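Please look over this model with me. My notes follow, point by point.

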Amino acid sequence: MAVSGFEGFEKRLELHFFGDDPAVIDMGLRQLEFESLEQVLHAVQCTVVSAVGNHYFDAYVLSESSLFVYPTKIIIKTCGTTQLLKSIRPLLHYAHHLGLTLCSCRYTRGSFIFPKAQPFPHTSFKEEVIYLEETLPSNLCYRKASVMPSKVPSHSWHVFTASNTNEAHMALTHPHIPDVLYTLEICMTELDRVLARKFFRRPNDNKTGDTAGKEMTEITGINDINPGALICDFAFDPCGYSMNGIIDGDRYSTIHVTPEDGYSYASFECVGSIYDDHDDVVNVLKKVVQVFRPATMSVSTTCASHEVWTRVASALEPLGLKCRSCAMDEFPAVGSVVFQAFTARRK
């Protein structure tokens with residue numbers, strides 16, 4: 001294990017807003033000036049490197065991971081030594097000017113490979129929770145923080161949620177949200193060395209990050225994970241890769257890769273619906289594993305319904321990954337979070 005290196009494990013923040021003016025809700029946060037988003041990211045210490053959008057949302061590839069902006073929802077996911085939680089205050093400020101009020105917050109992350117390198121407020125989960133408690137408005141009165149353990153020492157899952165309602169099945173009770181969505185957050189470590197090499201650029205290749213990124217998407221098979229997705233990809237110099245995929249309407253997927261030996265890491269995240277074909281999530285998981293062949297991986301499934309996580313193990317076990325542990329917990333307004341850890345069966 002390297003003494004220090006680039007921190008692949010991301011911090012992820014999801015904020016939901018509401019407003020009374022239907023005209024505002026229509027575009028909502030998507031009306032934010034690009035300069036305002038840059039100010040938010042400046043507080044976090046990262047920048048936009050590429051972007052794509054559709055009728056429903058805008059997806060930005062960042063110098064450290066990804067940003068998704070919907071009319072009433074924002075998701076920021078950042079790796080390295082970024083200070084993600086420092087985005088909350090400026091975001092609340094800008095949202096307020098658009099007539100939007102925060103109604104829920106979800107913060108998640110795995111276990112850092114290099115925890116001592118993290119700056120305030122990410123020095124420990126306890127510090128993060130204190131910072132969140134102090135920063136979030138008091139109307140978010142239903143709050144819960146939890147560390148979900150696993151039998152794989154390097155993987156545990158940290159979750160903090162806050163909401164103005166205790167109702168866990170928001171998607172079921174709001175008639176304008178007929179769908180029940182789930183989020184899969186996958187963290188992979190000890191990637192196959194040969195496969196990880198594909199995320200290194202050749203020295204002096206004279207390519208832009210976009211061109212090199214497009215090549216990586218193709219040669220690694222990432223373009224097969226969600227065929228038909230609108231992909232926005234970027235290759236970093238000398239190594240590393242990020243992509244956002246717009247899958248279908250308001251769905252996204254995102255991949256980030258830190259390929260260096262000793263602290264190699266890849267993440268995959270996607271949003272799906274419990275009404276999707278049951279094979280969809282199984283096929284996606286299989287393709288993700290085939291791109292990276294990790295020795296260790298964890299899968300966090302967040303959903304107001306319980307069906308999805310049961311498909312995870314059945315997808316991964318035939319690929320030689322053994323489920324070592326499974327933890328489940330309930331969170332206000334989020335529903336259940338199920339955290340499963342897998343390791344490759346030793347040959």
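1. Glu14 and Arg12 are both buried, that is, under 20% relative accessible area, where over 50% is exposed and in between is partly exposed (1.4 Å probe, protein chains only). Their side chains meet in a salt bridge, 2.9 Å from N to O. The term salt bridge stands for a side-chain nitrogen of Lys or Arg within 4 Å of a carboxyl oxygen of Asp or Glu.

2. This is a predicted model: local features need pLDDT of at least 70, side-chain atom pairs count only at pLDDT 80 or more, and totals for chains, interfaces and linings use all residues. Residues are numbered from 1 along each chain as its sequence is written, and side-chain values use heavy atoms, with hydrogens and water left out.

3. The whole structure holds 16 salt bridges. One network of them links Arg12, Glu14, Lys77, Arg106, Glu185 and Glu269.

4. Lys144 and Asp329 also form a salt bridge, at 2.7 Å from N to O. Lys144 lies in strand E7 and Asp329 in strand E15, so the pair ties together parts 185 residues apart in sequence. Strands here are DSSP runs (E, at least two residues), numbered from the N terminus. Lys144 is partly exposed, at 26% relative accessible area.

5. Arg345 pairs with Glu317 in a salt bridge, the closest N and O atoms being 3.4 Å apart. Arg345 is partly exposed, with a relative accessible area of 37%. Glu317 is partly exposed as well, at 26%.

How values were computed:
Helix = DSSP H or I, 4+ residues; strand = E, 2+ residues; numbered from the N terminus.
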